[in-house]
Structures are given as structure tokens and as C-alpha cells.
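Dear colleague,

I am passing on the structure we spoke about, with the sequence alongside.

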Amino acid sequence: MTRPVAPAAAAAAAAAASKDASQERQKAMIAAHFHKLAQAPETGDKSVYTFVPGNLTELLGTFSVLPVLPEINALQSGMRGKSRDYIGLAEKLGHSEDVCTYVKCDIGMLKSGNIGPTGERLPKPDLLLLSYTGCFTFLKWFELLAQEYDCPCVMLHVPYQGDGAITDSMRKYVVDQLRKKVIPALEKISGRAYDEDLLKQQLARSAKAEDDLVWVLETGKRKPSPIDAYFGGVYYIGPIFTSFRGTQDAIEYYRELRSEIEERIRLGKGPVTPDGELTEEKYRVVVEGPPNWTSFRQFWQMFTDEGACVVASTYTKVGGVYDNGFRHDPSRPLETLADYCMGCYTNLNLPTRVQMLARYVQDYAADGFLINSVKSCNSFSAGQLMILREVEQRTGRPGGFIESDLVDPRYFSASNIKNRLESYFQMIAQKRAGGS
Amino acid sequence: MTLASLLQRADDLYRDLRFSAVRDWKQRTGGLAVGYMPVYVPREVLHAMGILPVGVMGAGDDLEIIRGDAFYQSYICHLPRSTIELGLNGALDCLDGLLFPATCDVIRNLSGMWMMQFPGKYVHYLDVPQDFAPEVGGAFYRHELEQIAGALGKRGGKPLTAAALRRSIAAYNENRALVDGLYELRQREPWKVPTAELYLLLRAGCVLPVEEHSAMLRDYTTAVRAADDRRPMDQARVLLAGSFCEQPPLGLIRTLERAGCYIVDDDFVQIHRWIRGPVRADGEDPLQDLANAYLFQGIPSAIRYIDQQVKGKDLVDRVQQSGAEGVIFCAPSFCDPALLDQPMAVTAVERAGIPWTAFKYAENTGQFQVIREQAGTFADSIKLWSE
């Protein structure tokens, strides 16, 4: 499945035009994390492979183990131009052309030496923490990795919000697994006892960072928006969706980011893009679905060329939905982790996703919404054509539909996507003209 | 009933995309009918509430998909398209609800689509546990079943009682035993039980009340055991893996048999064999017995976390138990569970020295020549070169 994060390679590309202090900070945080991972075989630090949605970063932090997120490695490989070869290698090894390219990219990377995005080798996992949240493929992905590594695998099955709500039974199920399976597995590999007070401290820090993240994302409601909540948004969610939730670093990153955005608002500036500031906000759109990573900058530029700003996106909720009021709550540590896991975007049923998108279109005063449907991710993509119709019907705003993939460059047809986007924005312009 | 007329009845049921048997049953009994998607739901609960469980296995190659394709991108499998088509053309009006078991993200998301498209119907995503500890996953699963029973009770199902559930468990135990008996007979004498026939019988079990289906299975078993005109041929014994959700067209199964394969084990309509052996039918708490059966008697599957077990071991065991000489991986296009599982299964069968081949299909695949040639070559290679 899909997941974001501000990758070092992308950060470098974007920063060519403008490099905020927060970007520099994030880049340094990520580099330090990957360096720690590379040093793990020498330092004895334990590494735990897990997934972004339903990640238990605060809990892992209490055991001082280092998270490795294969989705992030895959998307970084996509941005660094490595994914084509990795996917090709996996397909040669018998992996179907029909399945998730994140998985194949990861398998290909593993078979090619497991070199991470900073050029250093990633450590083998001491534990595979299968946080089975919002994506069936996760189950198979770690079964595949379990064949490659001689390490234990622990399952955390996070129930889907099929009826659009979290029930006590669902919460209890997750908490019971945390207590009886996940925590003992972490105790075993780390040699440390579970420390709930420490977890509470981590969760309190998470909530602080989450407040600032939400504040930043909601500035997309302003006109002009000081942020791009999709292309820019993937950088903003980086620290909180991955290895840094619950850390002081994350608090400082989001505080700094917030103050930068406050300054942009004060100056009446639009978002920073790879080509500089977007000076005229012609179109405001909401985007559903993950971005394409292999042509990320080109994809972004197709929007900026049209003067389009993404004011809200669902992808930036894939590692946690916070703008509905949820915050990690230190007073109920395991329960709040359960609620977090169950609340991630792809764990929401389709009616809830439709409601959320319709709300974004209205609350963010968008001209319309776009769906980038990626071949790899059925969790996102199955049902998106119905989402398109439903959101159009509920909001009266036009929807657009484009198709690409996460990290398989064979599925990014630049001219086709550009044509569709141009037509879509022309349609909005004509509607406006007709309306006036 | 003669064998021919029995098979004709099964074939009629298979091809009846209006679900007339379900409509007739509702007319006769006034009961509710609730559908289920692949792969597994505990039908016993529905049966005990006087509800007819109805397997919705897609529309095969008999229905032109027009509106269903407007709901899905090209890279999504075929089953949800035909299911939507059946919903929109009124074929599934006879169902008072539809259960969507946790099979994959496509089936999962279809549950939400169904809620929006058919707001009056009962829709439930059955999140089967991937934790198999009774006090953890078992408790969660039991609650899921209670929730379904409660909701269907409000819609007109009879209250779920322990006595009724015990009777239903017994009825399905008998049914499973009959299916298992046919699978065993096919393993011993595959010429007696052509898979195309067995498949039709399995599909009949998706729309008939369990008692009627069991009678059909009994009649068929008796008839084929006595059929002296069914003689062995020099065919290769193969196990077909991967067809547990979207079903292959009947023509594909016939093609494989005509290409020289005796299918001696398969994954078709897996709900009939998901639980191994009988579920306890005389316990104090039959709902718990049913939950325990899911936890401890469920078959290894691509959609089930296997924890510390070895991937592919079950497949190798099945090859050995069935006396198969090779494996055909026969998965639907774009089927995440089957296709992501396949490399691990291939590793296991290769390690065991078992020959294999692979191809993909869609439920509406209409051209079988290439498959026939591939399967024929595979069968020939087994007959000619295997030790």
C-alpha cells in the first residue's frame, strides 16, 4: 500500500527552489535515523520493520527499537529512479505483474543489497511487526519478508471500520493483541520491560505535534492557501507518519513548520513549489489517492503550470486522521493506540471516505476534486469511481480522474495525465465563466 | 432422479443468474435470504435463524458486463464488476442482505459501495480474526457473529437459539462430510467424478437449502459409484491452486480435463471445505463451538495469517495426500491474495520437487485454446517425464 514521507531525494529536488528551515531540519532528522539504522549491526540497536498506517512508533520508542518502514523505502526508491530495476528483478523472480509495486520494489531492493535511501545498508529486521491496518497486501508482504529473514513476526490485526464506527469490541481486540502479543514480542527482542509511564510521555509529545500538524493542514482553507496540501503535504506528514511521532524532534519540527506558515500567511504568500512560489492561485482542488513517486516533480509541475493548488488531500491522512479531533491520549495509552490504528484513512469504509472528501471540498472552498487512482493500491483504488460520482453529487463540484502508479514508472503516462489535467482545469474555468 | 437429470438441475442452478431457486424458496417459506461473498462465512448462524444463505460467486461468462465496468478501473479483478452488475440488473433483489467477509481490499471496499448503492439492504463486512487465540481473536469473532445475528433478528430473522444452532451445525457437518466424501472419491477414482460435475454440485450448494443440497450430493455419490461406464483414462493427476475467490468459467475446468488432466484437488467454492472436519454439535455453547471451528479447524489459505507455520507446507501436503503429480496455479487476474501468495507456494512445491505450471483467468474468460495447449503440454510432460 501507499505511504508518504518526505524523502531525502525529493526534499533535495524541492529545496532547489526554496529551502525552509523546517525542510532542512526534516532532512537532517531522516538522515540521522537512517545512519542509526546503518550502524545498528555495530551498535546492537534492534530494528523493527513495520508499516505506516497503524504504526506504533511511540510504543517502539519506549523499547528504544528503530522502526524501518518498507513502504517508505519503496517510495524513496521510486523517487531515486531505482524502482524500475527493483520491480523488474522481483518480476523475474516470479512476482506477478498484477500486484502491488511497493512490494515488488521492496523485494527487488532487498535482493539488490537492501541499500536505503541515504546510500547506507539497512539492517535486517529483529522483528517484523505486521500492523495489518487498512491494507490486505501488508499481510502478504510480511509473509514474503518472513521467508527472507530469520526473525519472528508478530501480527497486529486492526479491524476495519466496516460499519463506519469503532466499537468497544474492536478496541478491546486491538488492545488485547497489544498486551498479549505485540508488547511481549518487543520485550523479548529489546530485553526491556514495558514501561507505561514512558509510553504516556511519548503519547503526550505526539499530541503536541499533532496539534501543529492539523493547524498547518487546515491553513489550506485560507485564500490563497499558504500550503500545497498534497505535494507539499507529503513533506509535512513525513516526521509524524514515520519514525518521529512521540519525539521532541517532531514537536520542534512542527513548531518550526507552523511558524514558517504563519509567516507566509502574514505576507499573503502562496505555497512553495519546486519552481518557486505559486503566485496566483487559479484553482483550488482536493485530491484523493496517493501521488506517483517516480515522476513526483513532473506531476506536481502539471498542477503549478495551471495555477492549481491542492488545498486538502486524503493521502495526508493515510498514517493518521487528526483533523477530526483525534489526538493520542496519554491517559489511555493502549486504547488510544488502538483508536489511532483503526482511524487511519484506508481503514475507513467508503461511505466515510465519501463524507470526508465532500466535507473537504466544501470546507476548503475547492473548485473541484481529483482522484489519482494508482494501480498498485486496491485499498485506495477499488471504489474510487463510485467515490467520484458520489462526491460530485453531494457537492455539485466537478471531479476528475487520472491513473498512474506508486513506483512503477511504466504506469506513468505524462502526456495522458497532463492532457486530462488541462481539460479538467479548462472545464472548471468554463463553468466559472458560465456561472458568472 | 437420474444422474443426467441431477446434473441438468445443477447446471440450471449454475446458469440461473436470476437466482430463481432463492426466489422460490422465499415464496415458499417467507424467510429472509442473505448473500455472502467468497470465501467463508459461518452459514450455520443464518440457517439457525431460518435464513437462506446464498453464495454470490459472480456471473461467470454468461452475463455481459455493462454498468459494472463503470465502477472499476481496468486493473481490478472481475468478480466485483459482475456482482455490481447483478445488483443493478435486479438479480440480487431477492437478497435481504449481503455479507462481505474479509477476503481482500476489493471485496472489503465493495461492502461500502453496496451500502451506498443499496441503502435499504443489510450489509455487513465480516472481519474475521487473524489472531487465533480464543480469548483474543475468538472473542472478537464471537462478537461479530452476535452482531450479525442481532441485526438480522431485527430484520425478521428468527432469534438465534442454542438448540437451533446445534441443529444447523449438524446439518452443515453432514453437508461438509458429503462434500469431503466426493473429494475423496475423486482422488481415488477421478474418472468417476469429473471436476466439471463436482464443481456444478458445489455451486448448487450456494443457492439451495443445505438439506436439499445434501440430498443432491448423496444422490450423485450413489449414482457415480454405480456408473460402470465411467472408465479410467491415462490422464495426469493435478492439483489446481488459487481459484478460491473469483471462480473460473466452467469451460476452463472442462478444458483442463479435456487437455489430459484429472483434477484431484482444488480450491473451488472453498466455503464447503473451509472448516476441516465436523464442528462440535452437542456443546453447551454452540456459538463458541462455531467460533472455535474457525480458529482451529480453518484451512490454511492465502487470506489467513499462518503465524509460525511454514508457507506452502499445506499445499505440498495436499499434493501428497491427493496423489497429485503436479500443481497448476490457476488464479484470477489481479487477485492480490492468490498472486501475492503464489511465489511462496512455488518455492514450496519446487523444494518438494513437484512439477508446476501457472496461468491466470477471469470469470468471463472465453478463449481456452492457449490454456488447453499449456495444460496439455504440462500433462504430457508429467506422463512422459515424471519418475
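I begin with S225(A), which sits in the loop between α9 (196–218) and α10 (233–236) of chain A, where helices (H or I, at least four residues) and strands (E, at least two) are DSSP runs, numbered from the N terminus. Please keep in mind that this is a predicted model, in which local features need pLDDT of at least 70 and side-chain atom pairs count only at pLDDT 80 or more, while totals for chains, interfaces and linings use all residues. Residues are numbered from 1 along each chain as its sequence is written, chains are lettered from A and ligands numbered from 1 in the order in which they are written, and side-chain values use heavy atoms, with hydrogens and water left out.

S225(A) counts as buried, at 0% relative accessibility (buried means under 20% relative accessible area, exposed over 50%, partly exposed in between, with a 1.4 Å probe and protein chains only). Its side chain reaches the backbone oxygen of I227(A) at 2.6 Å. Leaving aside residues up to four places away in sequence, S225(A) touches several others, including K269(A), E281(A), R284(A) and C309(A), contact being heavy atoms within 4.5 Å.

Chain A also holds an open sheet of four strands in the order β8-β7-β9-β10, with parallel pairing (two strands pair if DSSP finds at least two bridges between them). The edge strands, each pairing on one side only, are β8 (308–313) and β10 (399–404) of chain A. Strand β7 (residues 283–288) of chain A is joined to β9 (residues 368–374) of chain A by four bridges, and V286(A) has F369(A) in β9(A) as its bridge partner. Helix α13 (residues 296–305) of chain A packs on the sheet and touches β7, β8, β9 and β10 of chain A, its direction making about 115° with that of β8(A); axes are lines fitted to C-alpha atoms, for helices over the stretch in contact, and angles run from 0 to 180 degrees between N-to-C directions.

As for cysteines, a search of the whole structure finds zero disulfides over all chains, a disulfide being a pair of cysteine sulfur atoms within 2.5 Å. C77(B) is in no disulfide, and the nearest cysteine sulfur, that of C104(B), is 6.0 Å away.

Technical notes:
Polar contact = N/O pair within 3.5 Å; in protein donor to acceptor, adjacent residues only side chain to side chain.
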